[in-house]
Amino acid sequence: MEGANGVESSSNICTKIESEEKSKPQSASASSPRQAKKSTGDASSKKHPEKQEKQQRQIAKSKNKGKDQLDDGSRKVVKQIKLKENSNESVVKPRLPKRKVDLFSHLVQPEEGRILTEHFTMGRHNQVPEPIIQLGVQIAAGTVSGSGERCVLLLTTLKEVFKTYYTTPSNELPQRHMITFLNPCVDFLVQCRPLCHTMSYAIRHIKRIISEKMPPDTGKDEAVEFICEKIDKFLEDRINIAHESISRDVCKKIADGDVILIFGSSALIARVLYVAFVELKKDISVIVVDSRPYFPGKSQVKRLASFGIPCDYALLSSISYTMRAATKVLLSAHSMMSNGNLVNSAGTAQVAIAASFSNVPVIVCCEAFKFSPDAQTDAFVHNELGNPDDLLKLQPGVVSPLKNWDDIPDIKLLNLGRDVTPARYIDVLVTDYGFVPPFSSAAVLRKSESKFDVL
């Protein structure tokens with residue numbers, strides 16, 4: 001049961017999540033017009049066995065649609081882009097942009113029905129491979145939100161593209177042509193959604209490998225094998241091994257009886273808690289703090305509950321009360337600035353400030369490739385905006401009073417994606433290289449860049 005403090009146990013929240021998922025309409029529901037049309041032809045199909053077999057194959061095919069990553073709307077956009085890749089036409093009809101808050105008017109605001117091919121030419125010699133188009137549609141729709149997840153998906157997609165779609169002109173070497181081949185792909189991804197720091201870092205890393213590490217006289221097959229090997233090494237060293245190292249180091253700071261408070265959802269934080277509870281058998285419990293409008297903490301609670309970890313679920317509005325029960329705070333990172341400030345999902349700064357006033361240590365887990373040479377002191381100049389209409393999504397059956405806010409000129413909605421946590425509210429960083437104070441972020445950045453020489 002939900003108490004007066006607004007905190008729910010993991011069993012209750014998992015039950016609610018499962019009931020919500022069951023209540024969602026299926027993609028192949030019988031109420032769709034296409035299926036209604038099929039049902040009218042059932043009587044005639046009995047007379048024609050061939051038509052009946054064809055309908056059964058179509059039904060079986062529709063059941064397998066859920067196995068793919070893209071939904072029907074995303075598939076439609078990908079198909080439209082491929083059909084019009086040799087022209088300058090827009091994929092979606094133009095629509096008036098949503099009003100933005102003046103302070104953030106310089107940022108790109110994603111909207112449903114936004115034009116994906118505006119200002120982008122897909123000529124005969126600059127065709128974008130289909131996996132890149134699928135990746136662009138996914139990140140534009142927000143189905144892949146974490147910076148680490150977006151980086152991994154980018155690298156695996158580029159590896160597939162090099163293996164399947166890359167061809168070298170007869171009069172040009174792969175070392176020069178590979179970067180020319182990459183540029184239209186990067187331009188398309190930037191147009192779909194501004195690149196996060198990890199994606200930019202991965203693209204720069206690949207280009208440096210091509211220009212500095214690849215021998216000039218390398219053939220096409222050897223060049224593809226070389227770049228795919230380097231991508232695999234990056235994924236193994238910078239992500240898999242880094243997660244294992246960070247998990248082991250953080251567990252040294254976790255003791256029996258600790259109540260660990262986390263915010264939102266993070267694969268790295270889930271890995272740390274799994275190692276502490278399952279592998280090292282430490283007696284811990286977790287408080288998952290979540291926030292609107294996307295509620296990523298629900299999936300995190302479900303993941304931790306599958307490990308057997310006792311969890312409580314609370315909203316960000318109750319952080320001052322929830323922090324009283326916590327003994328440590330674990331946070332992930334979208335990126336780490338050179339001045340020691342942390343950029344993460346909106347609400348992270350509020351959690352860190354509440355922990356600081358309650359004398360609860362704040363531990364930030366961050367892979368080395370997420371460290372940025374930039375210095376950011378606020379969340380106004382560089383940030384990500386979400387779709388403002390997502391703020392209107394309330395409980396099922398509840399209509400927001402601001403449903404028609406577009407018709408009221410004086411109303412503007414702001415769905416801010418990131419915030420900046422000052423370094424003074426962070427006690428320690430845990431990276432691939434061990435424990436580091438937040439003001440030594442520049443040293444981690446230098447060490448991470450020097451590691452490029454051995455890749």
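**Entry 1: the whole chain.** I started with a cut-off: a residue is buried when its relative accessible area is under 20%, exposed when it is over 50%, and partly exposed in between. I kept in mind that this is a predicted model. By that cut-off, 45% of the 455 residues of the protein count as buried. I then looked up the secondary structure and found 15 helices and 11 strands. The accessible surface comes to about 23,900 Å², and carbon and sulfur atoms hold 53% of that surface. I also checked the contacts between residues at least 6 apart in sequence: 78% of them join residues at least 24 apart.

**Entry 2: the cores.** Which residues have the most contacts inside the largest nonpolar core? I noted Ile132, Leu154, Leu155, Phe162, Met178, Ile206 and Ile227, in a core of 42 residues. The helices α6 (130–141), α7 (147–164), α8 (174–192), α9 (197–213) and α10 (220–251) each supply at least two residues of this core. The largest share, 9 residues, comes from α10. Leaving aside residues up to four places away in sequence, Ile132 touches Thr157, Leu158, Val161, Cys185, Phe188 and Leu189. I also found a second, separate core of 30 residues, and Leu261, Val351, Ala354 and Leu445 are among its members.

**Entry 3: helix α9.** I wanted to see how far α9 reaches. Its 17 residues span 23 Å from the first C-alpha to the last, close to the 24 Å expected at 1.5 Å a residue. Next I listed residues of α9 that are buried: His197, Thr198, Met199, Tyr201, Ala202, Ile203, His205, Ile206, Ile209 and Ile210. Ile206 is a name I had already written down for its contacts in the largest core.

**Entry 4: a histidine in α10.** His243 sits in helix α10. Is His243 buried or exposed? His243 counts as buried because its relative accessibility is 17%, and the cut-off for buried is under 20%. Beyond residues up to four places away in sequence, His243 touches Leu268, Arg271 and Glu367.

Entry 5: A reminder to myself came first: most residues other than glycine have a negative phi, and most peptide bonds are trans.

- Lys281 has a positive phi of about 55 degrees, though it is not a glycine. Lys281 is in the loop between α11 (267–279) and β3, and at 66% relative accessible area it is exposed.
- The peptide bond from Arg292 to Pro293 is cis, with omega near 0 degrees. Pro293 belongs to the loop between β3 (285–290) and α12 (297–306).
- Phe295 also lies in the loop between β3 and α12. Phe295 has a positive phi of about 50 degrees without being a glycine, and its relative accessibility of 23% makes it partly exposed.

Entry 6: Which residues make the nonpolar surface patch of about 280 Å²? I found Leu103, Phe380 and Val381 there. Phe380 comes from the loop between β8 (362–365) and β9 (418–421). With 41% relative accessibility, Phe380 counts as partly exposed.

Methods
Residues are numbered from 1 along each chain as its sequence is written. This is a predicted model: local features need pLDDT of at least 70, side-chain atom pairs count only at pLDDT 80 or more; totals for chains, interfaces and linings use all residues. Side-chain values use heavy atoms; hydrogens and water are left out. Patches are made of residues with over 30% relative accessible area and no salt bridge: like charges are joined within 9 Å, nonpolar side chains (Val, Leu, Ile, Met, Phe, Trp, Tyr) within 5 Å. Accessible areas come from the Shrake-Rupley method with a 1.4 Å probe; for residues, only the protein chains shown count as cover. A salt bridge is a side-chain nitrogen of Lys or Arg within 4 Å of a carboxyl oxygen of Asp or Glu. Helices (H or I, at least four residues) and strands (E, at least two) are DSSP runs, numbered from the N terminus. Buried means under 20% relative accessible area, exposed over 50%, partly exposed in between (1.4 Å probe, protein chains only). A nonpolar core is a set of buried Ala, Val, Leu, Ile, Met, Phe, Trp, Tyr and Cys residues joined through side-chain atoms within 4.5 Å. Contact means heavy atoms within 4.5 Å. The expected span of a helix is 1.5 Å times one less than its number of residues.
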